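Please report on the sheet pairing, salt bridges and aromatic contacts of the structure shown here.

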Amino acid sequence: MVISFSCSASRKLTGILALLFMMTRVYGQSTSGFISIDCGNRRTYNDSPTGIQYHSDHGFVDGGLSHKISTEFMADATNEQQKTLRSFPQRSRNCYTLPSATGKKFLVRALFTYGDYDGLNSTMSGSLFRFGLHIGVNFWEAVNLTNSDPSNTIWKEVLTVAPGNNLSVCLINFGTGTPFVSSLELRPLQDVMYPFVNSSVSISYFIRIRFGNMTTNLITRNLSTSGLKGGLTISFMNMSSLINLDLSHNNLTGAIPDYLGSLRVLNLSNNQLDGPIPDFILQGFQAGLLD
């Protein structure tokens with residue numbers, strides 16, 4: 001099953017909406033085991049901002065056509081991966097095969113920059129421009145570029161367990177626009193990370209919010225009217241420096257977590273939360289420790 005913190009599915013992959021704040025402390029993380037593919041590019045290079053080595057997609061996929069984005073958008077590209085892409089006008093299903101390890105957890109990231117590579121202005125034509133992503137045979141996510149600025153980059157991620165020594169990332173043609181991909185990245189994860197991810201449950205992200213080093217002095221985070229959906233998790237509330245959190249005017253559902261860390265001000269108004277208010281919130285309010 002893929003539990004989507006945006007919209008994903010199950011081993012048939014049944015969709016469940018939730019909210020995941022994925023926060024990682026990175027101190028010179030090793031790139032051992034990284035696979036970074038610049039789709040449509042023909043060379044290997046070291047990415048200047050990160051130092052990560054990117055490879056051509058030759059040998060990872062059969063078929064498809066290599067393209068560069070329109071010269072109109074080249075100057076706005078913030079990295080090399082946005083400048084090229086591979087499109088798949090033929091066949092309903094085209095797959096990249098990425099080396100992995102059976103039972104190992106991975107983060108899979110796919111990026112999509114249309115850049116009017118075909119001169120058809122497909123994202124702004126008014127017609128539906130949408131195609132699908134699968135991990136193996138399982139639905140991962142839909143990529144919807146309808147009415148999107150051609151220079152925009154769409155970002156999709158999933159945490160999953162490799163079923164074998166290869167992991168397939170497939171683009172699915174829905175008949176509403178030619179599938180394409182700009183880059184693919186595979187990142188091995190430590191076994192202790194994300195214990196809820198296993199061979200039958202994958203996690204597709206809804207939103208990532210980088211709070212930075214957990215020891216930094218983070219006081220306020222305003223996420224009001226951010227389009228957040230699903231249930232709350234408590235992992236991001238463990239930061240001792242988070243004092244004021246505004247999650248109002250979203251579409252959060254489910255119960256209020258029974259732990260709010262060091263929060264002094266919490267705004268959950270205009271959501272769809274249900275269930276009783278935890279006792280410690282009432283006690284904190286009565287004691288003047290929580291507004």
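## Basis

This is a predicted model: local features need pLDDT of at least 70, side-chain atom pairs count only at pLDDT 80 or more, and totals for chains, interfaces and linings use all residues. Residues are numbered from 1 along each chain as its sequence is written, and side-chain values use heavy atoms, with hydrogens and water left out.

## The sheet 5-6-13

An open sheet is formed by 3 strands in the order 5-6-13, with antiparallel pairing. Strands are DSSP runs of E with at least two residues, helices are runs of H or I with at least four, and both are numbered from the N terminus. Two strands pair if DSSP finds at least two bridges between them. Strands of a sheet pair through backbone hydrogen bonds, either parallel or antiparallel.

Strand 5 and strand 13 (180-181) stand at the edges. Each has a single partner strand, so one side of each is left without a neighbour in the sheet. Strand 5 pairs with strand 6 over 4 bridges, in the antiparallel sense. Strand 6 and strand 13 are also antiparallel, over 2 bridges.

## Strand 6, residue by residue

Thr84 and Arg86 point one way from strand 6, and Leu85 and Ser87 point the other way. All of these residues are buried, where buried means under 20% relative accessible area, exposed over 50%, and partly exposed in between (1.4 Å probe, protein chains only).

The bridge partners can be named. Leucine 85 in strand 6 is the bridge partner of histidine 67. Arginine 86 has valine 181 in strand 13 as its bridge partner. Serine 87 stands opposite phenylalanine 180 in strand 13.

## Salt bridges

The structure holds 7 salt bridges. A salt bridge is a side-chain nitrogen of Lys or Arg within 4 Å of a carboxyl oxygen of Asp or Glu. One of them joins arginine 86 to aspartate 57, with the closest N and O atoms 2.7 Å apart. This pair links distant parts of the chain, 29 residues apart: arginine 86 is in strand 6, and aspartate 57 is in the loop between strand 4 (53-56) and strand 5 (65-68). Arginine 86 is buried at 11% relative accessible area. Aspartate 57 is buried too, at 1%.

Arginine 43 and glutamate 80 meet in another salt bridge (3.5 Å, N to O). They also link distant parts of the chain, 37 residues apart. Arginine 43 sits in the loop between strand 2 (35-38) and strand 3 (45-46), and glutamate 80 in the loop between helix 1 (71-74) and strand 6 (84-87). Both ends are partly exposed: arginine 43 has 42% relative accessibility, and glutamate 80 has a relative accessible area of 28%.

Glutamate 185 forms a salt bridge with arginine 187, the closest N and O atoms being 3.5 Å apart. Salt bridges with shared partners join Arg109, Glu157, Glu185 and Arg187 into one network. Glutamate 185 is buried at 6% relative accessible area. Arginine 187 counts as buried at 9%.

## Aromatic pairs

A search of the whole structure finds 12 aromatic pairs. Rings of Phe, Tyr and Trp (its six-membered ring) pair if their centres lie within 6.5 Å; planes under 30 degrees apart count as stacked, over 60 as edge-to-face and the rest as tilted. Tyrosine 114 and phenylalanine 129 form an edge-to-face pair, 5.7 Å centre to centre with 85° between the planes. Both residues lie in the loop between strand 8 (105-113) and strand 9 (130-135), so the pair ties together parts that are 15 residues apart in sequence. Tyrosine 114 is buried, at 1% relative accessible area. Phenylalanine 129 is buried, at 4%.

Phenylalanine 129 also pairs with phenylalanine 131. That pair is tilted: 6.3 Å centre to centre, 55° between the planes. Both of these phenylalanines are buried. Ring pairs link Phe112, Tyr114, Tyr117, Phe129, Phe131 and Phe180 into a cluster. Phenylalanine 180 is the residue in strand 13 that serine 87 stands opposite.

## Valine 201

Where is valine 201 placed? Valine 201 is in the loop between strand 14 (183-188) and strand 15 (202-204). Valine 201 is buried, with a relative accessible area of 10%. The C-alpha atoms of valine 201 and leucine 159 are separated by 9.0 Å, and the two residues are 42 residues apart along the chain.
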